[in-house]
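Please look over the structure shown below, and then read the report that follows with the structure at hand.

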Amino acid sequence: MDQNNRIDATVDWRENAFDLTRGIAAYTQSGLVGRLAKIIAKHPDADIANAFNHKQVACKMWARDELFNTCGGAFQRIWVLGGWYGVLAAMLLDDARFDISQIDSIDIDEDVAAVAETMNKDAPGFRAVTADMYALDYASATPDLVVNTSCEHIADVRGWLDMLPKGTKVLLQSNDYFAEPTHINCVESQQAFEQLARLADIRFSGTLPQKKYNRFMLIGSV
Ligand SMILES: C[S@@+](CC[C@H](N)C(=O)[O-])C[C@H]1O[C@@H](n2cnc3c(N)ncnc32)[C@H](O)[C@@H]1O
């Protein structure tokens, strides 16, 4: 800052973002926002602005609300697959409607676990795990809910669902954002997503329109 109180453009944006998020955390008394500030300071390479942009947050608030509406708030063990920086886990643990004993945020990318741990620092029952969702032992662990909001990122959604014990509750999201190169398995519509997943029981099926794409969600069981 110069003597006229103008921002010095040479200051790294992270320093400003850190100060701002800490201020918002203090003002809103939000531990979650405080942990976002910690991520900016401690994990400068993390793409947290992307993971916590307003569209990502809207999709996860939608997931959280519809999960509560359809299944209630009591869970023993939730597995969030493709959990990235642990934002959805943090939002579920931050919500007083939910009583969750354990959440494992599982991702194949070994660089994200440390960030997910900071995102959920001091949350009892939270664990970040580095693993391929195709290599998990679903039958032994018996999670009572399996979440995958990254279905557009995996090649064989139905093949993966076949690995889950019959009756397992799932919350799935995908989208029609074909232009994003990392999206290897988008679907064209809500109906196409239903046909791809072929859930045995559907409790919720809906679409959240976004500016550039639609987000599709299914809640039910395999
Ligand atoms: C970009 S992120 C999440 C996007 C999504 N819209 C969301 O926020 O839920 C997708 C994540 O899926 C993870 N992923 C992809 N394939 C996976 C696999 N086979 N097992 C576990 N995680 C996987 C990636 O490493 C990445 O962190």
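## Cysteines

In this predicted model, Cys-59 counts as buried, because its relative accessibility is 0%. Cys-71 also falls into the buried class, with a relative accessibility of 17%, which lies under the 20% cut-off for that class.

A disulfide is a covalent bond between the sulfur atoms of two cysteines. The closest cysteine sulfur to that of Cys-59 belongs to Cys-186 and is 13 Å away, which is too far for a bond. For Cys-71, the closest cysteine sulfur is the one in Cys-151, at 16 Å, and this too is too far for a bond. With a cut-off that asks for sulfur atoms within 2.5 Å, the count of disulfides comes to zero.

Seven strands form an open sheet in the order 3-2-1-4-5-7-6, and their pairing is mixed. Strand 3 (126–130) and strand 6 (201–209) stand at the edges with a single partner strand each, so one side of each has no neighbour in the sheet. From one strand to the next, the twist averages 15°.

Strand 6 pairs with strand 7 (residues 214–221) in the antiparallel sense, over eight bridges. Within this pairing, Ile-202 has Gly-220 in strand 7 as its bridge partner.

## Helices on the sheet

Helix 4 (residues 54–71) packs on the sheet, where it touches strand 1 (74–81), strand 4 (145–148), strand 5 (169–175), strand 6 and strand 7, and its direction makes about 25° with that of strand 7. Helix 9 (residues 190–197) lies across strand 5, strand 6 and strand 7, and runs at about 35° to strand 7.

Methods. Residues numbered from 1 in each chain as written. Predicted model: local features only at pLDDT ≥ 70, side-chain atom pairs only at ≥ 80, totals over all residues. Heavy atoms only, no water. Pairing = 2+ DSSP bridges. Helix = DSSP H or I, 4+ residues; strand = E, 2+ residues; numbered from the N terminus. Axes fitted to C-alpha atoms, helices over the stretch in contact; angles between N-to-C directions. Contact = heavy atoms within 4.5 Å. Buried < 20%, exposed > 50% of the residue type's maximum accessible area, 1.4 Å probe, protein only.
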